[in-house]
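Please read the following report alongside the sequence and the coordinates. It moves from the overall fold to the ligand site, then to helix packing and backbone geometry.

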Amino acid sequence: MPRMLIHACCAHCLGKTLTGLAAEAESWEPVVFWGNPNIHPLLEWRRRLKAVKMLIERAGLELVADETYGLVEFCRAVHGHEAVPERCARCYALRLGRAARVAREQGCAAFTSTLVTSRHQDHVLIRQAGDAAAEEEGIPFLYRDWREAEAPAHLVKMLYHQQYCGCVFSEYDRYKNTTTHLWPRPQE
Ligand code: SF4
């Protein structure tokens with residue numbers, strides 16, 4: 001059976017991707033790759049990696065993990081391009097470029113990403129970055145719109161579910177309008 005490298009950013013999106021992949025006409029052996037220098041801060045990065053590892057254990061899958069916390073690498077990649085969509089285009093290119101390289105090294109026939117399961121991501125830019133990485137490494141990128149896929153409940157039950165995309169910019173966008181963490185509580 002040909003091997004499909006799945007770049008994974010979190011457990012829940014990985015579950016959705018496994019559902020999508022299982023419904024493909026062709027059968028694939030999944031190999032999961034963790035490589036996300038865009039996730040900050042450190043404890044958030046650890047929470048997401050831990051959840052991915054727990055899913056991997058439950059599903060009995062193979063994991064290739066780059067456990068380098070890549071804050072500096074990410075900052076260098078987006079420096080001067082902090083606005084959306086340029087920042088996200090560079091972020092996708094960083095992660096999918098590495099995924100394509102690892103897929104080739106691991107003897108996979110193609111690669112894909114959990115990013116394609118998200119309603120919050122830019123699918124046009126993901127596809128462009130995936131196709132560019134595919135051309136660079138000579139290995140096909142499988143793009144599918146798996147936004148409607150459901151993660152198997154037994155694989156993701158009780159696993160950490162993040163509240164923002166990953167980088168500190170997205171964390172700011174997520175929480176900038178909330179007063180939940182402020183004190184004193186604003187008057188009603
Ligand atoms: S918002 Fe998400 S996709 Fe965009 S740069 Fe930040 S982590 Fe990457």
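The paragraphs below describe the chain as a whole before turning to its individual parts.

**Overall fold**

The model is predicted, and its protein chain contains seven helices and four strands. Read from the N terminus, these elements follow the order β-α-β-α-β-α-α-β-α-α-α. Along the principal axes, the C-alpha atoms of the protein chain occupy a box of roughly 60 × 40 × 30 Å. The radius of gyration of the protein chain is 17 Å, which agrees with the value near 16 Å that a compact globule of 188 residues would have. Of the 188 residues of the protein chain, 39% count as buried. When contacts between residues at least 6 apart in sequence are considered, 81% of them in the protein chain join residues at least 24 apart.

**The ligand site**

Which residues surround the ligand? The shell is formed by Asn38, Arg87, Cys88, Cys91, Cys165, Gly166, Cys167, Phe169 and Ser170. Two elements, α4 (86-105) and α7 (168-175), each give two or more residues to this shell, and the largest share, three residues, comes from α4. By residue class, the shell around the ligand divides into five nonpolar, three polar and one charged.

**Helix packing**

Two packed helices are described by the angle between their axes and the distance between the axes. The table gives these values for two pairs in the model.

| Helix pair | Angle between axes | Distance between axes |
|---|---|---|
| α4 and α5 (residues 123-137) | about 35° | 8 Å |
| α1 (residues 11-22) and α2 (residues 42-59) | roughly 35° | within 8 Å |

The helix α4, which gives three residues to the shell around the ligand, passes α5 in a right-handed crossing. On the side of α4, the contact involves Cys88, Ala89, Tyr92, Ala93, Leu96, Gly97, Ala99, Ala100, Arg101 and Arg104, and these meet Leu125, Ile126, Ala129, Gly130, Ala132, Ala133, Ala134, Glu136 and Glu137 in α5. The residues of this contact of α4 with α5 comprise 13 nonpolar, two polar and four charged.

For the pair α1 and α2, whose axes come within 8 Å, the contact is made by Ala11, Leu14, Gly15 and Leu18 of α1 together with Ala51, Val52, Met54, Leu55 and Ala59 of α2. The residues of the contact of α1 with α2 divide into eight nonpolar, one polar and no charged.

**Backbone geometry**

Most residues other than glycine have a negative phi, and most peptide bonds are trans. Against that background, the peptide bond that joins His40 and Pro41 is cis, with omega at about -10°, and Pro41 lies in the loop between β2 (29-34) and α2. The peptide bond from Val84 to Pro85 is also cis, with omega near 15°, and Pro85 is placed in the loop between α3 (71-78) and α4.

Where is Met158 found? Met158 belongs to the loop between α6 (153-156) and α7, and it has a positive phi of about 70° although it is not a glycine. Met158 counts as exposed because 7 other C-beta atoms lie within 10 Å, and the cut-off for an exposed residue is 12 or fewer.

Technical notes. Residues are numbered from 1 along each chain as its sequence is written. This is a predicted model: local features need pLDDT of at least 70, side-chain atom pairs count only at pLDDT 80 or more; totals for chains, interfaces and linings use all residues. A residue is near a molecule or strand if its C-beta atom, placed from the backbone, lies within 6 Å of it. Ala, Val, Leu, Ile, Met, Phe, Trp, Tyr, Cys and Pro count as nonpolar, Asp, Glu, Lys and Arg as charged, and the others, Gly among them, as polar. Axes are lines fitted to C-alpha atoms, for helices over the stretch in contact, and angles run from 0 to 180 degrees between N-to-C directions. A crossing is left-handed if the near helix is turned anticlockwise from the far one by less than a right angle, and right-handed if clockwise. Two residues are in contact if their C-beta atoms, placed from the backbone, lie within 7 Å. The radius of gyration is taken over C-alpha atoms; the globule rule is 2.2 Å times the number of residues to the power 0.38. A residue is buried if 20 or more other C-beta atoms lie within 10 Å of its own, exposed if 12 or fewer, and partly exposed in between; C-beta atoms are placed from the backbone.
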